Amino acid sequence: MKTLRIATRQSALALWQAEHVAARLRALHADLHVDLVPMTTRGDQILDRPLAAIGGKGLFLKELEVALQEHRADIAVHSLKDVPMVLEPGFVLGAVLARADPADAFVSTRHARLDELPQGARVGTSSLRRQAQLRALRPDLEILDLRGNVNTRLAKLDDGHYEAIVLACAGLERLGLGARIRSRLDAPQWLSAVGQGAIAIECRAGDERSSELIAALEAPSTRRCTDAERAMSLALHGSCNVPIAGYAMETEHGLTLWGLVGDAANGNLIRAEASGLADAPAALGQQVATALRAQGADALLGSAKG
C-alpha cells in the first residue's frame with residue numbers, strides 16, 4: 001500500500017481536521033494508508049501572551065513545515081485562517097476544502113446574545129479583530145485575553161472567568177460542541193477572520209505525488225472566495241498583529257467581498273465591499289483593500305502595529 005503522512009498539531013480540533021482529511025483520502029484511494037504525525041507547535045506552547053506579541057499565527061505552522069522539509073511528513077493540515085498570506089519558499093497550498101460555517105459564535109452560560117450582556121461584562125478573546133468589533137458594538141465591555149484550545153477556553157468560561165467568550169462556529173461544530181453556540185455573529189454586520197471555516201492542505205512545492213492524491217479534495221468555490229479574502233489581507237499587509245476581517249461569498253453574478261479594518265483599542269471600524277468576477281478573486285481583494293485605504297485604513301493599521 002502507498003503511505004501518506006499528515007503533519008498536524010495535537011489539539012483536539014487540529015486532530016479532528018487531520019482525521020477528516022485522512023478519512024476523505026482513504027475513501028478516495030483504496031490502496032492508500034494514511035498516518036497522522038501529531039506535534040506541538042510554539043504557538044501551542046506559549047499561552048500566557050497574545051499571539052500578536054509572540055510572532056503571530058505562523059507559529060502554528062513552523063514545526064509542521066519543518067516536518068515536511070525533512071520528509072517526516074508529506075502534507076500538513078491547517079485551519080486556513082491560521083495560514084500566513086505568504087507561505088515560506090518551497091511550500092504551496094495544495095488544496096482548500098469546502099468551507100464550513102464561517103461565522104463567529106457568541107458563547108455564554110447565562111446570556112443568549114451580545115446585546116443582552118450587562119454593562120461592564122467581561123468578554124474573553126485574544127483576537128484583535130474580535131476585540132475591535134466588540135468595542136464598536138459594546139464600548140462598555142471589559143475585554144480580556146483568552147488563549148488555549150477550544151475546551152480550555154470553554155472551561156474558563158464555565159469557571160466564571162468571563163460572562164461570555166467568542167469562538168469560531170466551525171471549530172465548535174467540528175468538535176460536537178455546537179450546542180454551546182448561543183448566537184451567531186456573521187456577515188455583513190460582523191466579519192470573521194480571513195479564511196475562517198476552511199481547512200487547507202499544505203505540501204512541498206513540486207511534490208507531484210502528494211498533489212495528485214489531495215487534488216480531489218479541492219473545493220473551487222471556497223478557493224475563489226478565500227483567495228479574494230487573502231488577497232485583500234495581503235494588500236493590507238495583514239497578520240494577527242492587526243485587526244483585519246474579510247468574508248467573500250459566491251453568487252450567480254460572481255464574488256462579493258466585505259472587508260474591515262479596525263482599532264482594537266477604541267472600536268473604530270473602516271468597512272468596504274465590492275463585487276467582481278469569480279475568476280478574478282485577487283483583483284477583487286485588491287479593490288477592497290484600496291477602498292479601505294482610501295478611508296484611512298493605513299493609519300489604523302500603523303497604529304495597531306505600533
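Visitor: Which residue in the turn of the β12 and β13 hairpin has a positive phi?
Guide: Gly267 does, with a phi of about 80°. The two strands of this hairpin, β12 and β13, have six residues between them. Strands (E, at least two residues) and helices (H or I, at least four residues) are DSSP runs, numbered from the N terminus. Residues are numbered from 1 along each chain as its sequence is written, and side-chain values use heavy atoms, without hydrogens or water. Please note that this is a predicted model, in which local features need pLDDT of at least 70, side-chain atom pairs count only at pLDDT 80 or more, and totals for chains, interfaces and linings use all residues.

Visitor: How many bridges join β12 to β13?
Guide: Eight bridges join β12, residues 254-262, to β13, and the two strands run antiparallel. Two strands count as paired if DSSP finds at least two bridges between them.

Visitor: Which residues are bridge partners there?
Guide: Thr256 has Ser275 in β13 as its partner. Gly262 stands opposite Leu269, also in β13.

Visitor: In what order do the three strands of that open sheet come?
Guide: The order is β11-β12-β13, with antiparallel pairing. At the edges are β11 (244-251) and β13 (269-276), each of which pairs on one side only. Neighbouring strands in this sheet are turned by 10° against each other on average, direction ignored. For such angles, axes are lines fitted to C-alpha atoms, for helices over the stretch in contact, and values run from 0 to 180 degrees between N-to-C directions.

Visitor: Which helix lies across β12 and β13?
Guide: That is helix α10, residues 281-294, which runs at about 150° to β13. Contact here means heavy atoms within 4.5 Å.

Visitor: Changing topic: what is the order of the five strands in the other open sheet?
Guide: These five strands are arranged as β7-β6-β8-β5-β9, and their pairing is mixed.

Visitor: Why is one side of β7 and of β9 left without a neighbour in the sheet?
Guide: Strands β7 (142-144) and β9 stand at the edges and have a single partner strand each, so one side of each has no neighbour in the sheet. On average, neighbouring strands of this sheet are turned by 30° against each other, direction ignored.

Visitor: How many bridges pair β5 with β9?
Guide: Three bridges pair β5, residues 104-107, with β9 in the antiparallel sense. Phe106 stands opposite Ser183 in β9.

Visitor: Which strands does helix α5 lie across?
Guide: Helix α5 (residues 128-137) lies across β5, β6 (122-124), β7 and β8 (164-168), and it runs at about 130° to β8. Helix α6, residues 150-158, lies across β5 and β8, at about 165° to β8.

Visitor: Which residues does a cis peptide bond join?
Guide: The cis bond joins Ala187 and Pro188, with omega at about 0°. Pro188 is in the loop between β9 and β10 (199-204).

Visitor: And which residue has a positive phi although it is not a glycine?
Guide: That residue is His71, whose phi is about 60°. His71 lies in the loop between α4 (62-69) and β3 (75-79).
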